[in-house]
Amino acid sequence: MVTKQVFAMSPKPSAIIIAGGYSSRMGELKALLPMGGSTVLDQSINLFRSCGVNDIVVVTGHRAEKVRAAADKAGVRTVYNPDFAQGMYSSIRAGVHELCENSSGFFLLPVDIALVRRGTVNLLLQAQAQAPADIYYPVFEERRGHPPLLSSRLRDLIGESDEPEGGLRTILAALEADHPEQIREVQVADANIHFDMDTPDDYFEGCIRFARKGVPTMAEAKAIIDHIYCMPEKGLAHGRMVGDVAGILCQTVIRHSGRELNPQTCRVCGLLHDIAKGHPHHEQTGATWLRELGFEEAAEIVGAHKDMDWSPEMGVGERELVHLADKVVRGSRMVRVNERFEEKLALYKHDPEAVEAILGRYRLAQNLAAAVEAEVGQPLELIMEMASASCSH
């Protein structure tokens, strides 16, 4: 289980971004396709910079002048690979020759695998700091992906080797066969380590994924709680129920109001809301963990599940629905709002400060319930009855 200090004091190696290919199946230069207000290349550069990796080399080839201009604008250096038509290995070699001498290692990332989250890079850096090895592979759903982190010891091996059949994959496989103890697999919560953009359809899918990067998928959430921040079964049972109720509340609001909300966001954030339970200020600690993994939107929702600033004119969104769902679930069963808070008030009746805080949360929950009832034209108790029926199946 990873502790809350998981991202502290990690080493900062270099990164090589391969951007020299023809982009023939895409029909346009992949590196310069727009994404998220910048470009695909900028997304790759910003990924490493956000993790403190500032020694970044972009390898150019096809249409090198345009890629170099974009890299110059981003403030990173480039190296031209005159043999780019021979394939990726020649570009990797060109990038390796350009690395700083004092680099502690280097990431390898093709430019079209631009949606990797910073949590993946941070976890690889943390693994390198904990146990020296030659290769660190990110793993999601039992499959390795990009970007691998290679030790500086492999720089000469790659830089001096003629391309073998199979390219870099052959070299790394031979190293693993001879020295398996030098290989580390690092569990990450990031399906995008397997996603590259080769075709226009891939790019369209990539833009959709980019818009949803801030919230983990259910599979990514499972990776978080199974491998990174493990949760006890009691906490999981509560999280599952809060997620189910939040999702049903969300679907009900959508059905009656037509607003664009995401039930899956509610389910995932409900599942993860108590991920840091047992730690001081667990809601903010959980938000910090998710933010460091690259899930900004989920972090905001999880950080607001205990207390939040809200007024009726702000409306009801995913954040509010997860907050309310947490207030109508005790353990793994649904309860009425008044039942949940009257129990708390009885428990802390001799602590005036605690009573004041509980009453504030009680009023907020009542106001949120009233806002939901106004949206759907049904009492919350009826919605909860439908939720209970759905959860029991």
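This is a predicted model: local features need pLDDT of at least 70, side-chain atom pairs count only at pLDDT 80 or more; totals for chains, interfaces and linings use all residues.
The lining of the largest cavity has three nonpolar, two polar and two charged residues.

- A search of the whole structure turns up one cavity of 30 Å³ or more.
- The largest cavity holds about 30 Å³ of space.
- Its lining consists of Arg 117, Gly 119, Thr 120, Ala 189, Asp 190, Leu 293 and Phe 295.
- Two of these names return in the contact between α4 and α11: Gly 119 of α4 and Leu 293 of α11.

**Helices α4 and α11**

- Helix α4 spans residues 118–130, and α11 covers 282–293.
- The two pack at an angle of about 95°, and their axes lie 6 Å apart.
- That angle makes α4 roughly perpendicular to α11, because angles of 65 to 115 degrees fall in that class.
- From α4, the contact takes Arg 118, Gly 119, Asn 122 and Leu 123; from α11, it takes Arg 291, Glu 292 and Leu 293.
- By class, the contact of α4 with α11 has two nonpolar, two polar and three charged residues.

**Largest pocket**

- The largest pocket contains about 800 Å³ of space.
- Its lining is made of 31 residues.
- Nearest the centre of the largest pocket are Asp 274, Lys 277, His 282, Arg 340 and Lys 344.
- Six elements are listed here, each supplying at least two lining residues: α9 (233–257), α11 (282–293), α13 (318–327), β11 (329–330), α14 (337–347) and α15 (352–376).
- The lining of the largest pocket divides into 13 nonpolar, seven polar and eleven charged residues.

**Second largest pocket**

- The second largest pocket has a volume of about 580 Å³.
- It is lined by 21 residues, and those closest to its centre are His 146, Pro 148, Leu 168, Arg 169 and Leu 172.
- Two or more lining residues come from each of α3 (88–97), β6 (105–110) and α6 (168–178).
- Helix α6 gives the most to this lining, with five residues.
- By class, the lining of the second largest pocket has twelve nonpolar, five polar and four charged residues.

**Helices α3 and α5**

- On the α3 side, the contact residues are Tyr 89, Ile 92, Arg 93, Val 96 and His 97.
- On the α5 side, they are Arg 155, Ile 158, Gly 159 and Glu 160.
- The contact of α3 with α5 has four nonpolar, two polar and three charged residues.

**Helices α10 and α12**

- Helix α10 (residues 263–272) and helix α12 (residues 296–303) pack at an angle of about 60°.
- Their axes are 9 Å apart.
- The two helices are therefore oblique to each other.
- The crossing of α10 and α12 is right-handed.
- Helix α10 brings Thr 265, Cys 269 and Leu 272 to the contact.
- Helix α12 brings Glu 297, Ala 298, Ile 301 and Val 302.
- The residues of the contact of α10 with α12 divide into five nonpolar, one polar and one charged.

**Backbone details**

- The peptide bond joining His 146 and Pro 147 is cis, with omega at about 0°.
- Pro 147 sits in the loop between β8 (143–144) and β9 (149–151).
- His 146, at one side of this cis bond, is also among the residues closest to the centre of the second largest pocket.
- Ser 23 has a positive phi of about 55°, although it is not a glycine.
- Ser 23 is found in the loop between β1 (14–19) and β2 (34–35).

Technical notes
Residues are numbered from 1 along each chain as its sequence is written. Side-chain values use heavy atoms; hydrogens and water are left out. Axes are lines fitted to C-alpha atoms, for helices over the stretch in contact, and angles run from 0 to 180 degrees between N-to-C directions. Helices (H or I, at least four residues) and strands (E, at least two) are DSSP runs, numbered from the N terminus. Angles under 35 degrees count as roughly parallel, over 145 as roughly antiparallel, 65 to 115 as roughly perpendicular and the rest as oblique. A crossing is left-handed if the near helix is turned anticlockwise from the far one by less than a right angle, and right-handed if clockwise. Contact means heavy atoms within 4.5 Å. Ala, Val, Leu, Ile, Met, Phe, Trp, Tyr, Cys and Pro count as nonpolar, Asp, Glu, Lys and Arg as charged, and the others, Gly among them, as polar. On a 1 Å grid over the protein atoms alone, a cavity is a set of points where a 1.4 Å probe fits but cannot get out, and a pocket is an open set with protein on both sides within 12 Å along at least five of seven lines; lining residues have an atom within 4 Å of a point. Grid points are joined across faces, edges and corners, and a volume is the space filled by probe spheres set on the points.
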